Amino acid sequence: PMSGGLSGSVQTALVLAEDYDGRVQVVDNHRISCTQKQSVLEAVALAKAGWDAKSIHDFLMEHAYDASIYIAVDTLKYLKKGGRVTDAGAAIGTLLNIKPILQIQGEKLDAYAKVRGMKQAQEKMLQAIQNDMETRFAGSQVMIKGAYTCGEETAEKWRQAIADRFPDHKISLDPLALSISCHIGYGSIAVGAMLWWVGLT
């Protein structure tokens, strides 16, 4: 399930798993969307390599925080509906073309920055990923992925923008999970970076 900081589904799954005598392991590795997808792919690779469920669980928990994701929100409408932005804040933000950038660096979805226009939002997110690669992930193999709730044409332009900034990386693209999309609305874009465990993917 998604990060326990975003949903109670982890606790529900933990309770249900108790009926399976350790055969079902629940991982709360504090991720969402493309970074969580990578964890699933790693779990599959480890299972194929003969790891048991508990060992896979422990590996994913150990590396839970080895990922970042930044999301630029195009409209404040849904953040207002969810109570994350006041009516006045949404009105002013819309008037000034303010685009909030959210981040997940572990437990929860937090505010990262506010910029004017999606072009500046894109640049701010790419700078954030660059900084993570030079600090948190320095010296490690890093995978970069894009995500979106916009149309496919706009999404492909976003993927190309990421690829242009990081030419040594193969950039993949995924739709943002509906569990996030319904809270942020159409037109959002995101970029994630995570440690890449060579040989697992």
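1. Histidine 30 sits in the loop that links α1 (9-17) and α2 (33-48); helices here are DSSP runs of H or I with at least four residues, strands are runs of E with at least two, and both are numbered from the N terminus. Histidine 30 has a relative accessible area of 10%, so it counts as buried. The cut-offs are under 20% relative accessible area for buried, over 50% for exposed, and partly exposed in between, using a 1.4 Å probe and protein chains only. The phi of histidine 30 is positive, near 60°, and this residue is not a glycine.

2. Please keep in mind that this is a predicted model, in which local features need pLDDT of at least 70 and side-chain atom pairs count only at pLDDT 80 or more, while totals for chains, interfaces and linings use all residues. Residues are numbered from 1 along each chain as its sequence is written, and side-chain values use heavy atoms, with hydrogens and water left out.

3. Serine 33 belongs to helix α2 and also has a positive phi, about 55°, although it is not a glycine. With a relative accessible area of 11%, serine 33 is buried.

4. Now for the overall layout. The chain has eight helices and six strands, and along the sequence they follow the pattern α-α-α-β-α-α-β-β-α-β-α-β-α-β. Of the 201 residues in the chain, 44% are buried. If you take contacts (heavy atoms within 4.5 Å) between residues at least 6 apart in sequence, 74% join residues at least 24 apart.

5. How do α2 and α3 pack? Helix α3 covers residues 53-62, and its axis is 10 Å from that of α2, at an angle of about 145°. Axes are lines fitted to C-alpha atoms, for helices over the stretch in contact, and angles run from 0 to 180 degrees between N-to-C directions. The crossing of α2 and α3 is right-handed; that is the name if the near helix is turned clockwise from the far one by less than a right angle, and left-handed if anticlockwise. On the α2 side the contact is made by Ser39, Glu42, Ala43, Leu46 and Ala47, and on the α3 side by Ile56, Phe59 and Leu60.

6. Leaving aside neighbours within four places in sequence, leucine 60 is in contact with Val27, Asn29, Ser39, Glu42 and Ala43. Leucine 60 and serine 39 are 21 residues apart along the chain, and their C-alpha atoms are separated by 6.9 Å.

7. The largest nonpolar core has 27 residues, and Ile101, Met125, Ile129, Ile144, Ile162 and Val191 have the most contacts inside it. A nonpolar core is a set of buried Ala, Val, Leu, Ile, Met, Phe, Trp, Tyr and Cys residues joined through side-chain atoms within 4.5 Å. Two or more residues come from each of β1 (67-72), β3 (109-116), α6 (118-134), β4 (142-148), α7 (152-165) and β6 (189-195). The largest share, seven residues, comes from α6. Another core lies apart from this one and has 13 residues, among them Met2, Ile104, Ala147 and Ile180.

8. Which residues does valine 191 touch? Beyond its neighbours within four places in sequence, valine 191 is in contact with residues including Ser68, Tyr70, Met125, Ile129, Ile144, Trp158 and Ile162.

9. The axes of α6 and α7 are 11 Å apart, and the helices pack at an angle of about 40°. They are therefore oblique to each other, on a scale where angles under 35 degrees are roughly parallel, over 145 roughly antiparallel, 65 to 115 roughly perpendicular and the rest oblique. Their crossing is right-handed. Among the contacting residues are Gln122, Met125 and Gln127 of α6 and Trp158, Ile162 and Arg165 of α7. Glutamine 127 is partly exposed, with a relative accessible area of 40%.

10. Aspartate 174 is in strand β5 (residues 172-175) and is buried, with a relative accessible area of 12%. Not counting residues up to four places away in sequence, aspartate 174 touches Cys34, Lys37, Lys145, Gly146, Ala147 and Tyr148.

11. Lastly, the cysteines. Cysteine 34 is buried at 1% relative accessibility, and cysteine 150 is buried at 9%. A search of the whole structure finds zero disulfides, a disulfide being a pair of cysteine sulfur atoms within 2.5 Å.
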